[in-house]
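Please read the following briefing alongside the sequence and the three-dimensional structure.

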Amino acid sequence: MFPNRVLCNAKGTDLVSNRVLWNKASMLRHLWALCKKEDILWVKWVHTYVIKHNCIWSMNLPGDSSWTMRKLFGLRRVGHQYIKAQIGNGENTFLWLDNWHNLGPLLLKYGDGVTTNLGRSLHAKVCSIIHNGSWRWHRSRSAIVRDIIANIDPTLLPHPANEDSVIWTLSPTGSYSAKSAWEALRSSVSEVGWYHLVWHKRYVPRWSFIQWVTILGRLNTRDRLMDWGIVHDSSCVLCLGNVESQAHLFFACHFSSRVWLGIIAKLGTFTRDWSLTFEVSWGSHSCKNKSVWASLFKLCLAAAIY
């Protein structure tokens, strides 16, 4: 059984991590429902018995909260940047805690001292700085207050006749979508340039899997097995000489190098560096097309490693 971290998809990302990210993206849907106060029974129950009159972003969960609720509230730091309040009358939006300003949540931006600069309590609502449908900022010499006022969007105006609402900033429509949440969460995962060398139209699953594990450097060669105490001899089983490491097998080993040399000779090409690193790098750049020769090289490399 291989470690979970070597199970990867076609883009070179960790399948286990992907599953975790997908679960987070799905859970963000529920966080969105709570912020939007959707007309759903469980949303009403959470607001009545858990959130009450607190701010969802800063409140502490009751000690007897369920595992699901703890996991959901554990995503607040992630969801806070994507769920933004749209100001209507300002009565349901927290001035310092909600994400409504261009600068984001003001408490996170400026710290706890920001509340004293504007003379408003921590749980003040945006309506406290609205008067007759216009902004009414507290007069202050504070550079923080001047910065807040200077960076507010000129088009962001109160609408006293409307209630506050929330939007999902990742979607053009302003509504939550699992795809946008997923893409945002996985954006930090870099794609490798050699995935097409392993996963392609004509790949053989068992060959490609072993090839992928090898490229990731996670193949359980005898040197690793010896370190773990599983075997007592780390000699290469092919040449019975050097220590069997991944670098030795592909393709410093006298036996495996002759096998690979014979294969590439049949393909009509010759390599100048018998190493897996070189072959992967060369194949990644030279075999991006869908030609028969490119497919043959990919299959041959996978077969040789397998």
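The points below are grouped by topic.

This is a predicted model, in which local features need pLDDT of at least 70 and side-chain atom pairs count only at pLDDT 80 or more, while totals for chains, interfaces and linings use all residues. Residues are numbered from 1 along each chain as its sequence is written, and side-chain values use heavy atoms, with hydrogens and water left out. Helices (H or I, at least four residues) and strands (E, at least two) are DSSP runs, numbered from the N terminus.

**The largest pocket**

- The largest pocket has a volume of about 550 Å³.
- Of the 25 residues that line this pocket, the closest to its centre are Cys35, Lys37, His47, Asn92 and Phe94.
- Two or more lining residues come from each of helix 1 (15-36), helix 2 (41-51), strand 1 (83-86) and strand 4 (165-168).
- A pocket is defined on a 1 Å grid over the protein atoms alone, as an open set of points where a 1.4 Å probe fits, with protein on both sides within 12 Å along at least five of seven lines; lining residues have an atom within 4 Å of a point.
- Grid points are joined across faces, edges and corners, and the volume is the space filled by probe spheres set on the points.

**Helix 10 and its surroundings**

- The buried residues of helix 10 (residues 205-215) are Ser208, Ile210, Gln211, Trp212, Val213, Thr214 and Ile215; buried means under 20% relative accessible area, exposed over 50%, and partly exposed in between (1.4 Å probe, protein chains only).
- These buried residues pack against helix 9 (195-198), helix 12 (246-252), helix 14 (276-286) and helix 15 (292-305).
- Histidine 200 is found in the loop between helix 9 and helix 10, and it counts as buried because its relative accessibility is 13%.
- Leaving out residues up to four places away in sequence, histidine 200 touches Lys298 and Leu299, where contact means heavy atoms within 4.5 Å.
- Glycine 217, with a positive phi near 80°, follows helix 10.
- Asparagine 220 is found in the loop between helix 10 and helix 11 and counts as partly exposed, because its relative accessibility is 28%.
- The C-alpha atoms of asparagine 220 and serine 284 are separated by 24 Å, and the two residues are 64 residues apart along the chain.

**Arginine 224**

- Arginine 224 lies in helix 11 (residues 222-227).
- Arginine 224 is buried yet has no salt bridge, and the nearest side chain of opposite charge, aspartate 223, is 6.0 Å away.
- A salt bridge is a side-chain nitrogen of Lys or Arg within 4 Å of a carboxyl oxygen of Asp or Glu.
- The side chain of arginine 224 reaches the backbone oxygen of leucine 219 at 3.3 Å.
- Apart from neighbours within four places in sequence, arginine 224 is in contact with Gly217, Arg218 and Leu219.

**Backbone features**

- Most residues other than glycine have a negative phi, and most peptide bonds are trans.
- Asparagine 132 is not a glycine, yet has a positive phi of about 55°; it is found in the loop between strand 2 (130-131) and strand 3 (134-135).
- Asparagine 132 is exposed, because its relative accessible area is 69%.
- Leucine 240 has a positive phi near 55° and is found in the loop between helix 11 and helix 12.
- Leucine 240 counts as exposed because its relative accessibility is 68%.
- A cis peptide bond, with omega about -5°, joins phenylalanine 250 and phenylalanine 251; phenylalanine 251 is found in helix 12.

Definitions and conventions:
Lys, Arg positive; Asp, Glu negative; His and termini not counted. Polar contact = N/O pair within 3.5 Å; in protein donor to acceptor, adjacent residues only side chain to side chain.
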